[in-house]
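I opened this structure to look up a few places in it. My entries are below, one topic at a time.

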Amino acid sequence: MSYVDRLRARERELGRPVRVGLVGAGQMGLGFVVQAARIDGMEVAAIADIAPERGVRAFDRAGRRGATTEGDLAGAVAQGRPVVVDDALALTRLPVDVIVDASGVPEVGAQVAFAGLLAGKDIALLNVECDVTVGLLLARMAAGLGRVYTVCRGDEPAECKALVDYVRDIGFTVVCAGKGKNNPLDPSATPGSVAAEAAAKGMNPHMLASFVDGSKTMIEMAALANGADLAVVRRGMTGPYSTVDDLNTVFRPVADGGRLTGTGVVDYCTGPVAPGVFVIGHSDDPVVMEEMAYLGMGPGPYYTFYRPYHLASVEAPLSVAQAVLDRTPSLAPVAWNAEVLAVAKRNLAAGDRIDGIGGDTVYGITDSADAAREGGHVPLGLVAGARVLRDVPAGTVLTSADVAVDETTTIASLRRLQERLLQGAPVRDLIPA
């Protein structure tokens with residue numbers, strides 16, 4: 001039975017649809033609101049945005065006019081009237097089933113996810129930046145509380161994870177999983193340098209800068225590594241050029257003529273693979289190879305499994321349905337194999353402040369979690385607002401000796417708890433903390 005059929009059945013049984021509270025009514029949030037309005041058995045019941053008028057406009061675009069912004073907000077949600085608030089944490093006090101964070105801000109995601117789980121809500125993130133910083137803690141916390149924590153469908157990590165599961169389920173070994181990168185890589189890109197392109201595309205320039213400088217790709221592949229238990233074998237991965245036809249030639253071990261120095265890894269490529277995701281599977285069984293050749297999949301033993309698209313906020317409601325109906329995540333960390341490290345985008349001087357992802361001061365690069373720990377490196381998701389302690393040349397992968405992170409933030413507090421979790425502390429001891 002399809003999710004829509006099951007959502008309809010649930011609505012008939014309970015007398016109401018699945019209620020979603022959404023954080024952020026920007027590009028991704030707006031798309032989610034409009035698409036969810038087209039799905040029977042699901043509704044965005046409340047939107048939180050620091051600019052409430054954006055939330056009102058989003059409801060208007062979805063055909064739900066007259067959003068309530070004051071008074072008995074919980075009562076309005078219960079009666080099926082749309083609600084808009086300016087405080088994301090207010091959603092945790094409303095009668096919604098799932099909170100979806102589309103803010104893209106790691107600190108906001110951490111606050112909403114932590115408070116939402118404690119309030120008995122399922123959490124779905126359109127905020128991979130938060131997941132690669134404290135996602136393991138949130139996933140374990142959710143399991144301990146009987147809730148679901150998930151990264152949303154529609155973005156590359158979750159769609160590639162579905163492909164990884166498929167390849168494993170049919171008995172192939174996963175050699176590499178990854179994505180095509182949409183934009184030419186320019187680690188020096190800033191909101192100012194991409195402003196014209198952002199305006200033409202109707203995008204936030206910080207978001208576009210995070211795409212062009214590579215941070216988003218690094219974040220997405222780290223989330224995939226942690227969610228599919230795959231490895232990062234070198235800092236920054238490989239990132240070669242490839243076409244779809246050449247994927248299983250490029251992403252195979254060096255010993256077999258490819259570019260990989262290990263297997264069971266994540267990577268990305270430039271070229272006409274974007275906006276798709278791929279998995280390279282391996283089987284050298286003669287019967288399987290003969291059958292795959294007959295089916296047009298090539299001579300083997302390396303095979304390309306490719307999905308040519310990801311549909312961002314259009315597919316994200318699937319994760320809400322999966323969380324509520326199946327009680328399982330689309331993607332959540334099952335291991336902590338990868339980190340995204342902060343790299344100086346320009347020369348930094350002592351006393352400077354780091355402005356965060358997609359800004360003027362840093363970009364992200366993926367590395368193994370072990371290498372990050374051994375080097376004392378600072379996660380990208382923690383550096384917004386950090387103070388530079390000493391002069392640092394451009395290209396430096398920042399360490400705790402270079403910058404002082406704001407330890408008063410929620411995400412920094414959760415990161416400290418996650419470090420204790422990784423050291424073996426039981427999650428039941430961490431939740432009260």
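Basis. I am working with a predicted model, in which local features need pLDDT of at least 70, side-chain atom pairs count only at pLDDT 80 or more, and totals for chains, interfaces and linings use all residues. Residues are numbered from 1 along each chain as its sequence is written, and side-chain values use heavy atoms, with hydrogens and water left out.

The sheet. I noted that helices (H or I, at least four residues) and strands (E, at least two) are DSSP runs, numbered from the N terminus. I found an open sheet of four strands with mixed pairing, in the order β8-β7-β9-β10. Two strands pair if DSSP finds at least two bridges between them. At the edges I found β8 (265-269) and β10 (302-307), each pairing on one side only. From one strand to the next, the twist averages 25°. I then looked at β7 (residues 173-180) and β9 (residues 277-282), which run antiparallel and are joined by six bridges. Gly-178 stands opposite Phe-278 in β9.

The helix pair. I looked up how α5 (residues 106-118) packs on α6 (residues 128-145): the angle is about 0° and the axes are 10 Å apart. Axes are lines fitted to C-alpha atoms, for helices over the stretch in contact, and angles run from 0 to 180 degrees between N-to-C directions. The angle makes α5 roughly parallel to α6 (under 35 degrees; over 145 is roughly antiparallel, 65 to 115 roughly perpendicular and the rest oblique). Contact means heavy atoms within 4.5 Å. Among the residues making it are Ala-113 and Phe-114 of α5 and Leu-138 and Met-141 of α6.

Ser-215. I found Ser-215 in helix α10 (residues 215-228). Is Ser-215 buried or exposed? Ser-215 counts as buried because its relative accessibility is 1% (buried is under 20% relative accessible area, exposed over 50%, partly exposed in between, with a 1.4 Å probe and protein chains only). A polar atom of its side chain lies 2.8 Å from the backbone nitrogen of Gly-364. Leaving out residues up to four places away in sequence, Ser-215 touches Ser-210, Tyr-363, Gly-364 and Leu-380. Helix α10 itself lies across β7 and β8, at about 155° to β7.

Ser-188. I found Ser-188 in the loop between β7 and α8 (195-201). With a relative accessible area of 45%, Ser-188 is partly exposed.

Terms used:
A polar contact is a pair of N or O atoms within 3.5 Å; within protein, one must be able to donate a hydrogen and the other to accept it, and residues adjacent in sequence count only if both atoms are side-chain atoms.
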